[in-house]
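Student: I have a two-chain model open. Can you show me how to read helix packing and a chain contact?

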Amino acid sequence: MEQTELSRPRNSALALFLTFSRITLSGFGGLTFWTRYVLVERERWLTQREFLDLLVLAQLLPGPNALNLTVMVGYRFGRWTGAAAAVAGFLTCPCLVVIGLGVLYEHYGALPQFQRALTGMSIVAAGLLLSFVIKLATVLPRRLLPWLFGALAFVGVGVLRWPLPWVVAALAPWAVAIAWKEQS
Amino acid sequence: MDRVDLGGCFLHLLILWFVAIGGPATILPDVQRYVVEVRHLVTNKEFAELYTLAQVAPGPNAMYVTLIGWHVAGLPGVAATTLPLLVPASTLTLLVGHLNERYPNAPLGRAIRRGLAPITIGLMFASATILMRAVNHDWRGYLMTLLTVTVVLLKRWNPLWLLAGGALAGIFGLV
């Protein structure tokens with residue numbers, strides 16, 4: 001670890017801010033894709049392997065994956081200031097764009113054409129989310145227990161509409177304990 | 001509109017983000033339950049529209065909460081909905097990122113990842129069905145959702161084109 005740290009150039013807070021601004025502005029939806037493209041292929045700050053290690057952790061942690069990834073990359077290259085600069089770059093522009101969209105929605109949200117376009121897009125958005133889940137579900141092992149946990153989570157939150165923190169608190173310890181037992 | 005309880009929103013989202021393993025889609029059902037059913041800040045239809053609007057913007061998909069915050073309470077709303085997003089990232093992620101550099105192969109991490117993956121998928125499936133129920137009023141809507149799923153699973157088109165197609169279908173009154 002120390003060796004890689006010594007050989008790694010420290011990137012300035014400004015460079016981190018600008019690079020993550022660029023990532024976030026080019027990434028529609030699949031931000032982790034763009035993070036990899038910019039950091040590994042264009043800037044060559046990280047190797048493929050290093051990127052994968054950080055991505056796995058980012059997905060494991062709560063919160064938006066791409067944001068967790070941003071924090072860890074920022075921290076690796078510039079410690080606390082680096083993490084803060086990367087996150088600022090990552091969120092500032094999208095925040096402004098979203099506020100702009102909010103203004104548009106308030107002014108034109110009631111127009112029939114705008115309404116109908118949004119309805120059509122909402123239907124597609126639901127389909128996109130559904131297909132994303134189907135793709136992910138194909139990597140689950142073909143055994144009863146994982147699918148049972150998945151079904152319980154779906155029924156608790158999606159059908160019975162129980163609060164999510166309770167459902168997760170009830171299921172997660174069992175799921176992790178079973179996975180731990182199977183592993184050893 | 002009644003005065004919005006921004007402190008309540010802030011706390012609720014803060015708790016949600018700490019259990020949002022697998023990204024923003026997993027907490028969508030609970031955000032919807034909270035802002036639509038518990039607090040009545042937006043209608044079900046507005047929720048689906050604001051979510052979609054945020055998907056066509058650059059940046060993290062989680063920013064739909066920012067858009068809802070802006071819609072119901074302006075800049076203070078933006079702060080109350082966006083800041084909770086940063087808290088897990090700036091505490092837990094930094095801690096784990098730091099530990100990771102010391103202990104790269106901990107077996108506990110593997111057990112957590114394997115155990116939680118199915119729960120994450122179940123929660124995201126719940127999100128998809130809730131969005132569908134919020135916008136699809138008749139069989140044409142469900143047909144278009146099914147069509148979208150088929151296209152995404154078979155082709156590698158950029159999702160933005162599909163969203164644009166959905167917008168056109170809506171304008172011409174197909175759905």
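Student: Which residues in H8(A) meet which residues in H1(B)?

Tutor: First, a caution: this is a predicted model. From H8(A) come A:Leu164, A:Pro165 and A:Val168. From H1(B) come B:Ile15, B:Leu16 and B:Val19. By class, the residues of this contact are 6 nonpolar, no polar and no charged.

Student: How do I describe the packing of H8(A) and H1(B)?

Tutor: Two packed helices are described by the angle between their axes and the distance between the axes. Here H8(A), residues 164-183, packs on H1(B) at an angle of about 30 degrees. Their axes are 9 Å apart. Angles under 35 degrees count as roughly parallel, so H8(A) and H1(B) are roughly parallel to each other. The crossing of H8(A) past H1(B) is left-handed.

Student: Now the whole contact. How many residues does each chain give?

Tutor: Chain B gives 92 residues and chain A gives 77 residues. H5(B) gives the most, with 25 residues. That side of chain B has 59 nonpolar, 26 polar and 7 charged residues.

Student: And chain A: how many helices and strands does it have?

Tutor: Chain A has 8 helices and 0 strands.

Student: What radius of gyration does chain A have, against a compact globule of 184 residues?

Tutor: Chain A has 20 Å, whereas such a globule would be near 16 Å. The C-alpha atoms of chain A fill a box of roughly 60 × 50 × 25 Å along the principal axes. Of its 184 residues, 40% count as buried.

Note on methods:
Residues are numbered from 1 along each chain as its sequence is written. Chains are lettered from A and ligands numbered from 1 in the order in which they are written. This is a predicted model: local features need pLDDT of at least 70, side-chain atom pairs count only at pLDDT 80 or more; totals for chains, interfaces and linings use all residues. Two residues are in contact if their C-beta atoms, placed from the backbone, lie within 7 Å. Helices (H or I, at least four residues) and strands (E, at least two) are DSSP runs, numbered from the N terminus. Ala, Val, Leu, Ile, Met, Phe, Trp, Tyr, Cys and Pro count as nonpolar, Asp, Glu, Lys and Arg as charged, and the others, Gly among them, as polar. Axes are lines fitted to C-alpha atoms, for helices over the stretch in contact, and angles run from 0 to 180 degrees between N-to-C directions. Angles under 35 degrees count as roughly parallel, over 145 as roughly antiparallel, 65 to 115 as roughly perpendicular and the rest as oblique. A crossing is left-handed if the near helix is turned anticlockwise from the far one by less than a right angle, and right-handed if clockwise. The radius of gyration is taken over C-alpha atoms; the globule rule is 2.2 Å times the number of residues to the power 0.38. A residue is buried if 20 or more other C-beta atoms lie within 10 Å of its own, exposed if 12 or fewer, and partly exposed in between; C-beta atoms are placed from the backbone.
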